[in-house]
Each structure stands twice: as structure tokens, then as C-alpha cells.
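Please load the model in a viewer and keep the selection panel at hand.

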Amino acid sequence: MVIRVFIASSSGSVAIKKRQQDVVRFLEANRIEFEEVDITMSEEKRQWMYKNIPEDRQPAQGNPLPPQIFSDDRYCGDYDGFFESKESNTVFSFLGLKPTLASKESEP
């Protein structure tokens, strides 16, 4: 299972950059293996990301903004979903992973 974080390396938005860094740092700090996919370098990867976000999770206007998170081909969510799962200590469930012992999710 591969966690893939779709990012935009050349985004002009400080908010997007901070959100991308937040996701990446969290995954690194928790030793969760992941792959960064830069949608600014590949139109094919950008289109794949757009196509694989469920219609009910698409923004009302425009295209979905990075970071977008997938577990293999399963859509996990965007930054807001990630942030909510981080706050409630349910990131492993959000990512479709087995929880670690330190996680609230591992409690019975």
C-alpha cells in the first residue's frame, strides 16, 4: 500500500505550501512511507488526480487544490480531512492504515 500526496511544487499560494508541508512533515515524523506526486511537473498525473477524486468531494468551483491524499488508488481526502483526522488522532484510519500503539485508534 502506497500513500501518495499530490502536491504543487511551484504554487504561488503560501497557504497551499504550508498545508503541503504540514502533511509531509506529519507523515515523515510518524515514519509513514509515502510518495510525493508533483502535479506541476506532469499533466498526466494532474489529470489522474482530478479524475480520481469522487464527484461528491470535488469543490463547487474550479479544480481541487493540493494537497490531495490517496492510498494506492483510494481517495483519502484533502487537507481539511487530513487536519480533522490529525486533530481527532485518527490519521491511520483516514489513510487506510493499521494504527500504531501510540494512536488513539489502537484503543479498544
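Helices (H or I, at least four residues) and strands (E, at least two) are DSSP runs, numbered from the N terminus. The model is predicted, so local features need pLDDT of at least 70 and side-chain atom pairs count only at pLDDT 80 or more, while totals for chains, interfaces and linings use all residues. Residues are numbered from 1 along each chain as its sequence is written, and side-chain values use heavy atoms, with hydrogens and water left out.

**Stop 1: serine 71**

Select serine 71, which is found in strand E3. With 4% relative accessibility, serine 71 is classed as buried; buried means under 20% relative accessible area, exposed over 50%, and partly exposed in between (1.4 Å probe, protein chains only). Not counting residues up to four places away in sequence, serine 71 touches Met1, Val2, Ile3, Cys76 and Leu95, where contact means heavy atoms within 4.5 Å.

**Stop 2: the sheet**

Display the strands next. They form an open sheet of four, in the order E2-E1-E3-E4, with mixed pairing; two strands pair if DSSP finds at least two bridges between them. At the edges are strand E2 (34–38) and strand E4 (74–78), each pairing on one side only.

Strand E1 (residues 3–7) runs parallel to E2 over five bridges, and phenylalanine 6 stands opposite valine 37 in E2. Strand E3 (residues 68–71) pairs with E4 in the antiparallel sense over four bridges; there, phenylalanine 70 has tyrosine 75 of E4 as its bridge partner. E3 and E4 form a hairpin with two residues between them, and aspartate 72 in the turn has a positive phi of about 55 degrees.

**Stop 3: lysine 45**

Move to lysine 45 in helix H2 (residues 43–52). Is this residue buried or partly exposed? Lysine 45 counts as partly exposed, at 42% relative accessibility. Lysine 45 touches Phe6, Val37 and Ile39, not counting residues up to four places away in sequence. Lysine 45 and phenylalanine 6 are 39 residues apart in sequence, and their C-alpha atoms are 8.7 Å apart in space.

**Stop 4: the nonpolar cores**

A nonpolar core is a set of buried Ala, Val, Leu, Ile, Met, Phe, Trp, Tyr and Cys residues joined through side-chain atoms within 4.5 Å. The largest has 15 residues, and those with the most contacts inside it are Val23, Leu27, Ile32, Ile69, Phe82 and Leu95. Two or more residues of this core come from each of E1, helix H1 (14–29), helix H3 (79–87) and helix H4 (91–95). H4 gives the largest share, four residues.

Centre the view on isoleucine 32: leaving aside neighbours within four places in sequence, isoleucine 32 is in contact with Ile3, Phe26, Leu27, Phe92, Leu95 and Leu97. A second, separate core of nine residues includes Phe6, Ile53, Phe70 and Tyr75.

**Stop 5: backbone geometry**

Most residues other than glycine have a negative phi, and most peptide bonds are trans. Select arginine 31, in the loop between H1 and E2. Arginine 31 has a positive phi, near 55 degrees, and is exposed, with a relative accessible area of 77%. Asparagine 89, in the loop between H3 and H4, also has a positive phi, of about 60 degrees; at 34% relative accessibility, asparagine 89 counts as partly exposed.

Finally, select proline 66 and proline 67, which are joined by a cis peptide bond with omega about 0 degrees. Proline 67 lies in the loop between H2 and E3.
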